[in-house]
Amino acid sequence: MTATTTRRFLSWSLLFSAVFAGASQLRAQELDRTAIINAVDSIAMEPIDSGLAAGMSVAVIHGSDTIVLKGYGYADLEFDVPTPERAIYEIGSVTKQFTAVAVLQLHERGLLALDDELTKYLPDYPTHGHRITIRRLLDHTSGIKGYTELPTFWNTMVGRSLPRDSLVALFSAEPFDFAPGEAMIYNNSAYFLLGLIIEKASGQPYEEYIQEHIFGPAGMVDSRYCSERAVIKRRANGYQMGDSGLVRKGFLVHDWPYAAGSICSTAWDLVTWTHAVHGQGEGGHLLSPDAYRELITPGELNDGTRLRYAKGLAITETGGRRQISHGGGIFGFLSESRYYPDDDLIIVVLINTAGRTSPSSIASAIEKFVLGDRRTPPSRTYAGELEIFTGTYTGPGRGRELEVTVAADSGHLTLQIGSGEAEQLRYVDDHTFSMGTTLCHFVRHGNHITELQVDRVGGFYILEKDSS
């Protein structure tokens, strides 16, 4: 997608934001709190009653009103331990925003710069001739191979405690997925490297830095760097779906998720964190206003294309509703943390089961009940011939080659990813279409479409059209 097209789409969405933000705020105030609580109870218990999740914790905070802060189901199935209000979960990739804030704090202190090269801190890192900046690590545009997409990691390292440089040696030997800044592929290797940079710049282990400079100042009394060995009171056990029901999660050594995914926290601590960082949409007390703007400003590709991912945070707007969010998934746990700045609404969903229960879907269902349906932009029709877009497009995806098939059906375009189900695209503008939150921009050279750019928020994939 070109920068111009993206700006048009965002401007179009912002128009709806101005019109409907006030109505959304009023809806949350006017709804009976009991009705919201009953709805959240029903939404949360459905996967638990269906045997798809052991338990979960949910927080719904509107302004200064704590509407829901509650545990559901079980923190431990074997001993029938109900989920306590302050249950502690592994939050997986929700960790990334903590790492990003740590980097920005060090930037403010003059201990690093976002445009510093990786080799300033890790001089022996093999760059394969590329210039890799801290900024490119923060928004997943470095092109470095993600270690969680390497079979060798899962087969030989995930359950073993080894020096951290052994993992760096593994993924740094892999070819880049793309040149830095040419695309975006979600990348745990980048955040692993950011943890090492934080240690070099601060002179403290990552675990100590976030405890002293983030958890303490934010007032997150129940948060910590996770451990597979420590005894932690109120920690929920993790589960996953087996062939005949829930089973204990697989074993994972927390040397490896590290700055990409090794924080343990509670629903209330994540609410506290949101207030400390965002401060009702104006920035909190952990960062200066300038650093906060850096945190929530999406990055750009080399050609000026604006992403919808900033620094450890997804920055989206759908149907006139702005959302700052991130999800996480790690052995036995799934998480979703959302902040709606126009509505001053926070939704946190933490689940102690990995599998078929989606914390994002649960958060969306709660959002819909509290704020109402998102506004659907008026339907538009592409005036030209749809056949110019049809064909097969391929390019690097997360851990594998991505293949997308575009077809014309009854006056509409459909898009199919791999062997998945084909979904209908909505026309947006120029050569841009949408599919839910995914934006698809077709690049035209002369009379032919040669490229498809797929913006899935957590990835911006550049796919070439098969000309055969």
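Author: Three strands form an open sheet in the order β8-β7-β14, with mixed pairing, where strands are DSSP runs of E with at least two residues, helices are runs of H or I with at least four, and both are numbered from the N terminus. The edge strands are β8 (245-248) and β14 (353-354), each of which pairs on one side only; two strands pair if DSSP finds at least two bridges between them. Strand β7 (residues 239-242) pairs with β14 in the parallel sense over two bridges, and Y239 stands opposite T353 in β14. In general, strands of a sheet pair through backbone hydrogen bonds, either parallel or antiparallel.

This is a predicted model, in which local features need pLDDT of at least 70, side-chain atom pairs count only at pLDDT 80 or more, and totals for chains, interfaces and linings use all residues. Residues are numbered from 1 along each chain as its sequence is written, and side-chain values use heavy atoms, with hydrogens and water left out.

For the backbone, consider two histidines with positive phi. H128, in the loop between α3 and α4 (134-138), has a phi near 55°, and it counts as partly exposed because its relative accessibility is 46% (buried means under 20% relative accessible area, exposed over 50%, partly exposed in between, with a 1.4 Å probe and protein chains only). H140, in the loop between α4 and α5 (151-156), has a positive phi of about 65° although it is not a glycine, and H140 is buried, with a relative accessible area of 0%.
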